[in-house]
Amino acid sequence: MKALLVGEYREGKLLESTYELIGFAKQLNAEFDLFMVGSKDQLPQVDAKLYLADVTTVGEYNPSLHKQLILEAADKAGADTIVFLHSSSGWDLAPRVALALNAAQVSEVVEVTADGYLLPACNAKLRRTVKSATAKTVVTLQGGAFMAADPGGAPQVEELSSSADGNTEFGGYEQAEAGEVDLGKAEIIVSAGRGVGKPENVEMIQALAKALGGEYGASRPVVDAGWVPHDRQVGTTGQVVSPKLYVACGISGAIQHLAGMKKSEFILAINTDKDAPINEVADVLVVADIKQFAPALTAKLEG
Amino acid sequence: MELTRELYWNVGHAVLMPMYLLVIASFGVMIWGLRKRLTTYRLGQPLERCDQRGERLLGVLRDVFLQARVLRVKGAGTAHGLFFFSFVLLTIGTTLVFIQADLLDPLFGIRFLTGNFYLFFSIVLDLAGLVALIMLLGLAVRRYLLRPKDLPNTSDNALMLVLLLTILLTGFLLEGARMAATEMGTDLSWWSPVGLLFAQPFAGMTEAGQRAIHTGLWWFHFALVLGFFCAIPFTRLRHLLLTPTNIFFRDLGPVGKLRTLDLEDEEAESFGAAKVTDLTWKDIFDGDACTYCKRCQDRCPAWNTDKPLSPMKLVNQINEVSFADPETSLIETITTDVLWSCTTCRACEEICPAAIEHVPKIIDMRRNLVLMEGEFPGEEVTKAMEGTEINGNPLGMAPAARADWAEGLDVADLSKGEKAEILYFVGCYASFDRRNQKIAQSFIKLCSAAGVKVGILGKDEKCCGEPMRKLGNEYLYQMLATENIEQIKATGVQKIVSACPHCFNTLAKDYVDLGLELPVEHANSFLAELLNSGKLKLESAGLDCTYHDSCYLGRHNDLYDAPRQLLKAAGASVREMEKSREESFCCSAGGGRILAEENLGERMNQTRARMAAETGAPTLISSCPFCISMFEDGIKGANLDEQLKPLDLLEILAERIEA
Amino acid sequence: MNILVCIKQVPDMESRFKIAASGTWFEESDLAWRINEYDEFAVEQAVQLKEQLGDSDLTVLTIGPARVKEALKKSLAMGCDRALHVVDDAAHEKDPFQIASTIAAFAKEKSFDVIFTGMQSQDRGSGQVGVLVGELLNIPALTTAVEFACEDGAVTVRRELEGGLKAVVKAQTPALVTCQLGLNTPRYPTLPNIMKAKKKELLEVPVNDLLNEESRLTALSLTYPEKKGSALILEGEISDLVDKVIGILKEKTAVLAK
């Protein structure tokens, strides 16, 4: 396999996720080159060939132009596999490249097996294994599915350029408004249930959420009691969420709460009651008092 | 001495002609005024309310002439009742005078107001007048001095009180002046003690003076009576005629059954009620029959938890809009927050002395919002509706998992071709919610213990459609109901039992219109019968508890005694809450509100949980998965989880099955 | 303006999936079906655009067996003018390229000004079809829209990127837009619109009239992930529990990797 890894660069910065692509190639022991639209000041630390298009001339967003550059790089590299991250950039570009190469695209790969690629299906309730039926293949990798490679080394840069125009116009970035809580999009949510005992203890949950780099939420009784504002309520009568990690703290699991969070990819529940309904949806149930467990976990994560 | 009095004393029979002409004229004004109102009632849609006339008249007798509903509320209700009875006696007395003086005596020379009958007549009317006077004064003190909270006060109230008080007072003064001239000092006078009291001021006057005052008072009193007749259509005095009429036209049940819309009607341009003209004539009439007694408001769980809904105000707004501007948007006038606040608990309708039907009006307006605008109280409700369309349950759970709770239990899954005579309609919460699955499992255990095999529809059962229907989504309700009925009919079962009052009420009453004709029973009465017939044997084990009457079991179906009998058999002693049985206070889940966020006012489930905690009993029992779900949250929310635990009656019973 | 919205009918993700005898897809019995969530946003946006422009024609297209008509009917009730059902009993065997080719073959003839698709499907989640259709028709494809505007023959969308960041992008019509969750609030069809929808045009075309491309992907198998079932229960000393939990989070989730 000869892979071309398409690195990511945004708002003047190399994205760390690029190392996941390298990790993937290394895991497969594949020969690889890199391509990225970026800047010489922000090069990935890796001993590999890098086809670099200067962001100041080709722009951070310009799919038709980037497609041409990737095709050029793939051709020069003699790559049979073009690898993207399954990200807002990857899923936008990959199909364009795949079509131009008459190649199959395999999206959101979580594992490479002996006979093909493993992908999630139906909200990760199922998994598909598929293989490419074309000479070349375009692959997008699920974020976090492959261990990032450690940075190290320096790339041999070959600059690519193009003066072609695209058919789209980029109008800049907009940051999310501060203070706006959209739990629906949070990747990590730590929720407080009645098991936290009293309003002051909600702080423990906030601290744990912060230590994990996520948002905090709450079950309906906690919101009803006025301990947590309503926009943080998780459940069918609040927000329906599906984060990568959901930590249910002292939540026994009323039906409306379960229906609102059970699509989460991984659920960690902390409860004193081993038979609580939350058990049904949780991946891990820690039988403990959240008031002792949450500060201990937070301390460990921070320490 | 003859025991009677001279009718038309002093004023003479010459007044007859002008008197009758004026009376006829005042009746003319009254009828003209009422007819004008009739044109407004006619703006409403047709509705059959003239069937079963005997039953209707019986109701009028009970609730008007015996004041049965009025008297249910002590204080103002008692005063109104006593005033009413006195007023009726006074009216009968006046009518007797008319019959003798203007009909029987001049035509046949028959006088019956003589002798002992006259004495009886005299004292009864005298005391009736006194009671009426005292009650009116009492009501005036209540209204203007005690000022009950949120009692609407308008000039109409003052006018009615002053008019009636003056009529009574001038009546007594009139009597006093006559007695001073004719009866003072006779034994006869003792038979009109109040009149005698009123005669004292006139005692020292000359007869001419007495006669002059009497004439003046007579005409004044008469003018007031004429004014009273004329005022009926134009003031709230109209309730004298309209409230009894409304009681005649009342809904004869089944209690809480909603009108089924014809959704296939190609002619229909709109569904539900956006304007008063979309309501029925009875809905408009209701507005005019309201006496503003605020009993509905006092009882309304939404009003009592600081939500904007007052059933009385809603009916009054319909009334105002009907007469002022029938084409205006009723929904905008009332506001959607008010409409979505109702839990359809029927506390208002159950207590209304004027037989007003509040809930169907709210549902009709909700129907318009949903069917014509696609509007719901919140996005969570829209999601639940969509979830129901897709999965057949508002929880969005997999239909294939619907019967998972029954694994290992002795129950026939009819969807797999197994057979049973009795269908247990499980409902969504008992099917999918792990907390409530215990209720379903308990029911099956109880049936098995009594040797009764029941079947379930399994994955073919769908939501009964009750929350959707109550939220105005008649389309989705009919879709679900039709599918359920088809499934039920295909199984050939002979009877249906449900442990969910919402399913039970819907299947028993609402499904009839869509073609389901099987007997439907609630688990409580079903089990009570098994207990009474000796098939179900329970071990008595002490339990200190309080019992919450679910709205759809109690006020909708009068099932108050069966659960208490079962509790007793289980050895439980029930500490009743102040608001129990008919007075029960909704858990907040009715009217489809179980699917909606409660964003306004206080939490109803917490309010109810506190009422339960006040009894001191550690267990709160209900017979409804909705109530149990609400209390699970409400008890925690009110910080009562250390002292109160919610349980379904069936869970209690299942624990006590005799080994 | 001529508008097209492409939708897919998918099983509700709550459904209990059973793997079919073929071993490459799931059994269809006992599943509850719905419009792919992302596509509902697409339909809503298409209807809003039609309402904004007034004089427009909005076609909704889907590919699949007879059951997918339900999804078309709902889209018609939401406000689409006509529906095209590309009849394909084996739609689940087609790869994204074949699906996109089918749509493009139909769209080529019709000169649509704006085409909406969902950003991905809930069952497959490849996220390819929309972009491929745009590329096959040689028109700009703007992906992952959380905001959409159309003025003076140009469409502007806000693309949702990672970490709450949004990018504003613009293209001249004809253009294709793929819709992300949260783009709008899909409407609940009103009863008169449900009734009207029953009378709207719903054409059927056999898939072979439009598709003559071979699959580029071979499906090998469909499997259950390692059993989730009931939770792994951890009991013991708090400090041990904390270490165990951190270990598990590192191993099973990506959240502590970064």
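β18(A) runs parallel to strand β13 (residues 232-234) of chain C, and the two pair over three bridges, where pairing requires that DSSP finds at least two bridges between the strands, and where strands (E, at least two residues) and helices (H or I, at least four) are DSSP runs numbered from the N terminus. Within this pairing, A:Val286 has C:Leu234 of β13(C) as its bridge partner. This is a predicted model, in which local features need pLDDT of at least 70 and side-chain atom pairs count only at pLDDT 80 or more, while totals for chains, interfaces and linings use all residues. Residues are numbered from 1 along each chain as its sequence is written, and chains are lettered from A and ligands numbered from 1 in the order in which they are written.

The contact between chains A and C takes 69 residues from chain A and 62 residues from chain C, two residues being in contact if their C-beta atoms, placed from the backbone, lie within 7 Å. Among the elements of chain A that each supply at least two residues to the side touching chain C are α4 (90-100), β17 (266-271), β18 (284-287) and α8 (290-302), but β10(A) gives the most, with seven residues.

Chain B is divided into domain 1 (13-33 + 64-248), domain 2 (276-373), domain 3 (391-530) and domain 4 (539-655), with bounds that come from an automatic or database domain assignment. The C-alpha centres of domain 2 of chain B and domain 4 of chain B lie 27 Å apart, and their contact takes 15 residues from domain 2 and 16 residues from domain 4. On the domain 2 side, the elements that give two or more residues are α13 (336-340) and α14 (347-351) of chain B.

Not counting residues up to four places away in sequence, B:Phe443 touches B:Tyr424, B:Ala499, B:Ala523 and B:Leu650.

A:Ala294 lies in helix α8 of chain A. A:Ala294 counts as buried because 28 other C-beta atoms lie within 10 Å, the cut-off for buried being 20 or more. Leaving aside neighbours within four places in sequence, A:Ala294 is in contact with A:Met204, A:Ile205, A:Leu208 and A:Cys249.

Methods. A residue is buried if 20 or more other C-beta atoms lie within 10 Å of its own, exposed if 12 or fewer, and partly exposed in between; C-beta atoms are placed from the backbone.
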